[in-house]
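Me: I would like to learn how to read side-chain features in a model, going slowly from one feature to the next. Could we take the case below as our example?

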Amino acid sequence: MVVTVLVFVLQRSPWGSHASMLLIASPGAPIVTQWAYQPWRLLTPMFLHFSLLHIAFNLYWLYYLGSLIEVKESRWFFILLIIGSDLFSNILQLLFVSPFFGGLSGIIYALFGYLWVSSRFYPWSGYYVRADIAFWMLGWLVLGFVGVLGPVANFGHLGGLLAGMLAAKLKRR
């Protein structure tokens, strides 16, 4: 959360465009080559946010959903869930759209997906997702794909949701 806020402040500085370009894949260059020589670009788009509302929304949900998982599971599991879902959602967004995206939304959807599947199919997990939260998260995903929300990382959201759901299935096996 701290790194995300620091990057957000840096983005609004005179060096903001340079900082952003260091964190995302560069257009025109082969993506696989970039990732081979600059592997941080696989993960770092999660630190980029494009408005105050964007970062506030993402940090709120990261804290709310993430704290539920981090308390019940181990810190290492939480970190692996974040890294794995970030990789999957970033790659999906990059493959289907472009390298110009950012935010924690894919991770937020992964946390939601993990909690949602755990609460619905594994009630002994102790997790519970309120129906209104599930409605809004899934509704927001649909509104994004329909185009009502403007330019959002729809495939990043979907990739995160799928990664979180898969993590819940694998964890409960």
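Predicted model: local features only at pLDDT ≥ 70, side-chain atom pairs only at ≥ 80, totals over all residues.

Me: How is a pair of aromatic rings described?

Reply: A pair of aromatic rings is described by the distance of the centres and the angle of the planes. The structure holds 12 aromatic pairs.

Me: What are the distance and the angle for the pair of Y122 and W124?

Reply: The centres of Y122 and W124 are 5.5 Å apart and the planes stand at 75°, again an edge-to-face pair. Y122 is buried, at 11% relative accessible area, while W124 is exposed, at 64%.

Me: Which rings have a lysine over them?

Reply: The charged end of K72 sits over the ring of Y127, at 5.8 Å from its centre, and K169 lies over the face of F121, at 4.8 Å from the ring centre.

Me: Turning to polar side chains, is S85 buried or exposed, and which backbone oxygens does its side chain reach?

Reply: S85, which is found in helix 5 (residues 75–96), has a relative accessible area of 2% and is therefore buried. Its side chain reaches the backbone oxygen of L81 at 2.7 Å, and the backbone oxygen of I82 lies 3.2 Å from a polar atom of that side chain. Leaving aside residues up to four places away in sequence, S85 touches I107, A110 and A163. The C-alpha atoms of S85 and G164 are separated by 6.7 Å, although the two residues are 79 residues apart along the chain.

Me: What does the side chain of N154 reach, and which residues does N154 touch?

Reply: N154, placed in helix 8 (residues 154–172), counts as buried at 12% relative accessibility. The side chain of N154 reaches the backbone oxygen of G144 at 3.0 Å. Beyond residues up to four places away in sequence, N154 touches Q93, L141, G144 and F145.

Notes. Residues numbered from 1 in each chain as written. Heavy atoms only, no water. Phe/Tyr/Trp six-rings, centres within 6.5 Å; stacked < 30°, edge-to-face > 60°. Buried < 20%, exposed > 50% of the residue type's maximum accessible area, 1.4 Å probe, protein only. Lys NZ or Arg CZ within 6 Å of the ring centre and 35° of its normal. Helix = DSSP H or I, 4+ residues; strand = E, 2+ residues; numbered from the N terminus. Polar contact = N/O pair within 3.5 Å; in protein donor to acceptor, adjacent residues only side chain to side chain. Contact = heavy atoms within 4.5 Å.
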